[in-house]
Amino acid sequence: MKASHLSDDRLIELCVLDEASATEHQHLAACARCDARRVRLQRLLDEVSDTATAAADAAFTTDRLTRQQARILAHLQHEGRPARVIAFPAGRAPHEPVVSRTRPGSRWIAAAAVAGLVVGAIAGRFGHDYSFGRPGAARVIVARTVEQPELRANGSTATVREVTASISDDELLNQLEIAIDGPAAAALQPIDDLTPRAWEIR
Amino acid sequence: MPLTAAGASAAPAPLSRDSQLAAEIKGLVVGGERDAARERYGELVARQQRRAVRIAYQYLRDVHDADEAVQDAFIKVFTHITSYREDLPFEVWFTRILVNACLDLRKSRSRRLRWAVPMSSTGDLPPTDPVAPEPSAEQRLVSRERTNEITAAVESLPARQRTVFTLCHVAEQTTAEVSQALGLSEATVRVHLFRAIRKLRRLLQREPRR
């Protein structure tokens, strides 16, 4: 009998779906090539399913399956029952009158915290108002320029300012402008360029 | 859950033990004997559980997700047991619910991963139980490589082909049962199965190194 070789699709069918017909049986018995193809494919499919099965069985041990079954049944036990009403606040029965369960000690702590907060807020509101009604005369720390002998000896033109007295806002701004225009500030320009402005970061 | 005509036209086969059990549970639930139904259901869960976790694990590749999908499916089955049609195999009905649970979980997992910070890639690997006798280190390495190859090959299949292949070959269902479970014609199932096997053969077929 001169039968043609089995197609790939037919080999797949024989491996996973159908029984071989009598003719196919004869062909497979006679044709070593087709039989080898069938055996290789069957071995591959077995290997794939064995791998899948082994991975799942390793992940789901008998113990794990038992626990899973218990969880399923426990879940079903509550299935179909009316929902339990949870009292709110927790621990209070629905008809129980609301009474404070806090201890006196913790109430004192809460009261002290509130009092501290109020005092802090008031102090914050009035604490920085040192002028007592004199506008433009906020107390600021201001410096008087003095020349340090050791700096002069090094040839440096830098000066050190000494804190002396209170000045008005205008005087402070003037002095700031003078300081900014000075040669020492020029060295800080690159840093100033790198520093974002408030309006840039909004 | 409507099934396609492909499955409904199949010749009536004698009901399996699981189908009989499911019909009995349905009768108990309908009769108001919920506790008795639940007890019987424990038996059904035990009979289907191993197969269910194999399918879910093959599908999701994550122990916790597979665990959750299987639990969801079993709970859904019991809560909807009154809609079970006794003329159809229980395994088919259950498989359909399980596959849907896996799909839902896969979807929610992809949503979750979109926002998650990547963790160690080895974190969710299942613990492997050692089996005696211990293979050599080389054997273990070769075996692990081959396992990874097979897993990657199956993962690379398109979703439909993977599902059909898993149900036909891992869950050992017939193409008629798979067509009922997935709502596809049997011819379509066969096409997907053929394509899956062809691709797997292309990716994997070589004599294993032993």
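Going along its sequence, chain B reads α-α-α-α-α-α-α-α-α. That makes 9 helices and 0 strands in chain B. Keep in mind that this is a predicted model.

**Chain B overall**
- Chain B has 210 residues, and 43% of them count as buried.
- Take the contacts in chain B with a separation of 6 or more: 73% of them are between residues 24 or more positions apart.

**α3 against α4 in chain B**
- Helix α3 of chain B covers residues 34–60 and helix α4 of chain B covers residues 63–79; the two pack at about 145°, and their axes are 8 Å apart.
- The crossing of α3(B) and α4(B) is a right-handed one.
- On the α3(B) side, the residues making this contact include B:R34, B:Y41, B:V45, B:Q48, B:A52, B:A56 and B:L60.
- On the α4(B) side, B:V63, B:D65, B:A69, B:V70, B:F74 and B:F78 are among them.
- Sorted by class, the contact of α3(B) with α4(B) comes to 15 nonpolar, 2 polar and 3 charged residues.

**The nonpolar core**
- The largest nonpolar core runs to 75 residues, and B:I25, B:Y41 and B:L98 have the most contacts inside it.
- α3(B) is the top contributor to this core, giving 11 residues.
- Leaving out residues up to four places away in sequence, B:L98 touches B:A52, B:I55, B:A56, B:A69, B:V70 and B:A73.

- Helix α3 of chain A (residues 32–59) packs with helix α9 of chain B (residues 186–204) at about 95°, with 11 Å between the axes.
- An angle from 65 to 115 degrees counts as roughly perpendicular, so that is how α3(A) and α9(B) sit to each other.
- From α3(A) come A:L41, A:L44, A:L45 and A:V48, which meet B:I197, B:L200, B:R201 and B:L204 of α9(B).
- This contact of α3(A) with α9(B) has 7 nonpolar, no polar and 1 charged residues.

**Helix α1 of chain A**
- In α1(A), residues 8–16, the buried residues are A:R10, A:L11, A:I12, A:E13, A:L14 and A:C15.
- Their cover includes α2 (22–30) and α3 of chain A, together with α9 of chain B.

How values were computed. Residues are numbered from 1 along each chain as its sequence is written. Chains are lettered from A and ligands numbered from 1 in the order in which they are written. This is a predicted model: local features need pLDDT of at least 70, side-chain atom pairs count only at pLDDT 80 or more; totals for chains, interfaces and linings use all residues. Side-chain values use heavy atoms; hydrogens and water are left out. Axes are lines fitted to C-alpha atoms, for helices over the stretch in contact, and angles run from 0 to 180 degrees between N-to-C directions. Helices (H or I, at least four residues) and strands (E, at least two) are DSSP runs, numbered from the N terminus. A crossing is left-handed if the near helix is turned anticlockwise from the far one by less than a right angle, and right-handed if clockwise. Contact means heavy atoms within 4.5 Å. Ala, Val, Leu, Ile, Met, Phe, Trp, Tyr, Cys and Pro count as nonpolar, Asp, Glu, Lys and Arg as charged, and the others, Gly among them, as polar. Angles under 35 degrees count as roughly parallel, over 145 as roughly antiparallel, 65 to 115 as roughly perpendicular and the rest as oblique. A nonpolar core is a set of buried Ala, Val, Leu, Ile, Met, Phe, Trp, Tyr and Cys residues joined through side-chain atoms within 4.5 Å. Buried means under 20% relative accessible area, exposed over 50%, partly exposed in between (1.4 Å probe, protein chains only).
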